[in-house]
Amino acid sequence: MHYVRAGRGAPPLVFVHGFACSHADWQFQFDFFSNTNEVVACDLRGHGETPGRPHECSIEHYGGDVAALITNLDFSKVILIGHSMGCRVALEANRLLSSSESAERVAGLILVDGSRLASGDPDAAESAARAATEQSGYPAFAENLFRQMFFSPSAFADAIVARAVRTSALTGPALWPRMARWDAGEMDAALAAVRTPLLAIQSTTRDAQLRRSPLKPGDTSPWLELLKKSIPGAKIEIIPGVGHFPQLEAAETVNRLIAGFVQKP
């Protein structure tokens, strides 16, 4: 697994990117926190600079990879920070570590604009997600998926969309249905395994047709309600007025929220 590492200081922070993204999406956080903490940002299989074949790309494999990275770096009391699909990966890595001799390795979780694709029967969830990617062809699916992550047209948004469509052409059609399967079959257990403080930084929600809309302070969503139910002590912060990439679109706010969580005694 390719990763970048910088800084010194505890606790170490490990950043996990989303679907069809890369470690570069954490650049503002990586640069900011490398002044005070040891920071690592990785590329998951089939993303960025880490190779990966379609059958290797799943939340289970990604969680195992991140758990192994934390173990191999001999980190303890780490803060795991995931964005979008990376929220699932962080939860899976935490579940694996909490059920092993490495239970003390995770001290906290930060989930940035997470969601749940599906619940109920995992086979049905996977089939429905696969059908969605095939209906108009995967490139059109990915284009629409990422366009709706931004609420204002910009060159920045265009670049993120183009990257996602281009880089996920090989692995995306397999990974998206597997992600829906994990959501339906494994997410509840992964949430139940959380025994550490958790912060959710949320900026959007979406409906059953994957259409995104921004959140306002005081709003809630099915994802946030799931977190409240599963993890009663979870802290939730809403960032209004931005799309699905608040770590890029509202970097100063995200950095402030992460810093407050990390520095909390």
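Where does Ser84 lie? Ser84 is placed in the loop between β4 (78–83) and α3. The model described here is predicted.

Most residues other than glycine have a negative phi, and most peptide bonds are trans. Ser84 has a phi near 55 degrees, a positive value in a residue other than glycine. Ser84 is also buried, with a relative accessible area of 12%. Ala20 likewise has a positive phi, near 60 degrees, and is not a glycine. Ala20 sits in the loop between β2 and α1 (27–33). Its relative accessible area is 2%, so Ala20 counts as buried.

The peptide bond is another point to check. The bond from Ala10 to Pro11 is cis, with omega near 0 degrees. Pro11 belongs to the loop between β1 (3–6) and β2 (13–16).

## The helix α3

Helix α3 (85–98) has 14 residues, which should span 20 Å at 1.5 Å a residue. The C-alpha atoms at its ends are 20 Å apart, which agrees with that expectation.

Is α3 largely enclosed or largely open? Twelve of its 14 residues are buried, so α3 is largely enclosed by the rest of the structure. The buried residues of α3 include Met85, Gly86, Cys87 and Arg88. Also among them are Glu92, Asn94, Arg95 and Leu97.

## The helix α7

Helix α7 (172–185) has 14 residues and reaches 20 Å from its first C-alpha to its last. This is close to the 20 Å expected at 1.5 Å a residue. Ten of the 14 residues of α7 are buried, so this helix is largely enclosed by the rest of the structure.

Among the buried residues of α7 are Gly172, Leu175, Trp176, Pro177 and Trp182. Asp183 is buried in α7 as well. What do the buried residues of α7 pack against? Their partners are α2 (59–72), α3, α4, α5, α8 (187–192) and β7.

## The cavity

How many cavities of 30 Å³ or more does a search of the whole structure find? The search finds one. The largest cavity holds about 90 Å³ of space. Its lining is made up of 16 residues, and those nearest its centre are Phe19, Ser84, Met149, Trp176 and His244. The elements that give two or more residues to this lining are α3 and α7.

By type, the lining of the largest cavity divides into eight nonpolar, five polar and three charged residues. Ser84 comes from the loop between β4 and α3, while Trp176 is one of the buried residues of α7.

## The largest pocket

The largest pocket holds about 660 Å³ of space. Of the 31 residues that line this pocket, Arg116, Leu117, Asp207, Ala208 and Leu210 are the closest to its centre. The elements that give two or more residues to the pocket lining are α4 (122–135), α5 (138–147), α7, β7 (204–206) and α9 (222–230).

Which element gives the most to the lining of the largest pocket? Helix α4 does, with five residues. The lining of the largest pocket contains 16 nonpolar, eleven polar and four charged residues.

## Cysteines

A disulfide is a covalent bond between the sulfur atoms of two cysteines. The structure holds zero disulfides. For Cys57, the nearest cysteine sulfur is that of Cys42, 13 Å away, and Cys57 is in no disulfide. Cys57 is buried, because its relative accessibility is 0%.

Cys87 is buried, with a relative accessible area of 1%.

Cys21 lies in the loop between β2 and α1. With 4% relative accessibility, Cys21 counts as buried too. Apart from its neighbours within four places in sequence, Cys21 is in contact with His47, Gly48, Phe146, Arg163 and Phe245. Cys21 and Gly86 are 65 residues apart in sequence, and their C-alpha atoms are 9.7 Å apart in space.

How values were computed
Residues are numbered from 1 along each chain as its sequence is written. This is a predicted model: local features need pLDDT of at least 70, side-chain atom pairs count only at pLDDT 80 or more; totals for chains, interfaces and linings use all residues. Side-chain values use heavy atoms; hydrogens and water are left out. On a 1 Å grid over the protein atoms alone, a cavity is a set of points where a 1.4 Å probe fits but cannot get out, and a pocket is an open set with protein on both sides within 12 Å along at least five of seven lines; lining residues have an atom within 4 Å of a point. Grid points are joined across faces, edges and corners, and a volume is the space filled by probe spheres set on the points. Helices (H or I, at least four residues) and strands (E, at least two) are DSSP runs, numbered from the N terminus. Ala, Val, Leu, Ile, Met, Phe, Trp, Tyr, Cys and Pro count as nonpolar, Asp, Glu, Lys and Arg as charged, and the others, Gly among them, as polar. Buried means under 20% relative accessible area, exposed over 50%, partly exposed in between (1.4 Å probe, protein chains only). The expected span of a helix is 1.5 Å times one less than its number of residues. A disulfide is a pair of cysteine sulfur atoms within 2.5 Å. Contact means heavy atoms within 4.5 Å.
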